Amino acid sequence: ALAELTATAPVRDPSSDYDVLRLRAARARGRYLDYSREAALETDRQAMVEYLSRDPQPPQETPPCGPLIWLPHPAFRRRPSMLRSVAELLLWGFGRLRDASFLDLFTVQLRAVPSKGARHALDAYLAVSEGETRADLPAGLYRYAPSFHALDRVGDGSEIGRGIVMAITITFERVQWRYRDPTAYCDLYLDLGHVARTLKEAATTLGIELSLARAPDGIPVTPLTEEIAMAFQIDGVL
């Protein structure tokens, strides 16, 4: 009966789907500026002036909500430890290197992994379970603060499974403010791929292992505003 139903069911032509048509129309509009043309920067600048007149720019990172736990910096080499390895992993994946001026209109962060338009929509959370001693951190849920290279405690760890888990979230507004087109979502996942690959390469260099994992419960995200995109289990020294 299932075979008969499948055989007689009408085949839907994807080219007639409304969402597919909208995506194709958006791509046909030529969303990308040709920066080899002198007028491109001025076109971009005019668009940013218009956006600023309508809405304030969202912050590029979530402000800390409590006292920070400062992380060791790789510039100061000391005895290797899991905490130092995790700190370096966070720095190379999400750390802020310096600020820069965007078309003399506003300040943007330049981080270890570039992001299209310097929007940096990805945040990192670190979950340390009860009884986990390798990280040399109290059990809890932490958000990485890129500007400070520090951890901001956002949960007590009661909902965390085991070991050490890093979760990556996407804050959509940071990209939506600048790129007001649905095709911009593709670039979010390009950024995610760049960060994920950087983390894997850094972990290999540091002698630790990352494996895909389920994100811990308790991460303070708001659906459709900030969403969990990926999580890694951080295992011990290889």
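View 1. R214 is exposed, with a relative accessibility of 61%, whereas D217 is partly exposed at 38% relative accessible area. These classes rest on relative accessible area (buried, under 20%; exposed, over 50%; partly exposed, in between; 1.4 Å probe, protein chains only). The structure holds ten salt bridges.

**View 2. Salt bridge between K116 and D187.** The closest N and O atoms of this pair are 3.1 Å apart. Helices (H or I, at least four residues) and strands (E, at least two) are DSSP runs, numbered from the N terminus. D187 is buried, at 9% relative accessible area, while K116 is partly exposed, at 27%.

**View 3. Salt bridge between R134 and E132.** The N-to-O distance between these side chains is 2.8 Å. E132 is buried, with 14% relative accessibility, and R134 is partly exposed, with 34% relative accessible area.

**View 4. Contact of helices α4 and α6.** The axes of α4 (residues 82–94) and α6 come within 9 Å and cross at roughly 150°. Axes are lines fitted to C-alpha atoms, for helices over the stretch in contact, with angles running from 0 to 180 degrees between N-to-C directions. The crossing angle makes α4 roughly antiparallel to α6, a term for angles over 145 degrees. On the α4 side, the contact (heavy atoms within 4.5 Å) is made by S85, E88, L89, W92, G93 and F94. The α6 side contributes V195, T198, L199, A202, A203 and L206. By class, the contact comprises eight nonpolar, three polar and one charged residues. Ala, Val, Leu, Ile, Met, Phe, Trp, Tyr, Cys and Pro count as nonpolar, Asp, Glu, Lys and Arg as charged, and the others, Gly among them, as polar.

**Notes to all views.** Residues are numbered from 1 along each chain as its sequence is written, and side-chain values use heavy atoms, with hydrogens and water left out. In this predicted model, local features need pLDDT of at least 70 and side-chain atom pairs count only at pLDDT 80 or more, whereas totals for chains, interfaces and linings use all residues.

Terms used
Salt bridge = Lys/Arg side-chain N within 4 Å of Asp/Glu carboxyl O. Parallel < 35°, antiparallel > 145°, perpendicular 65-115°, else oblique.
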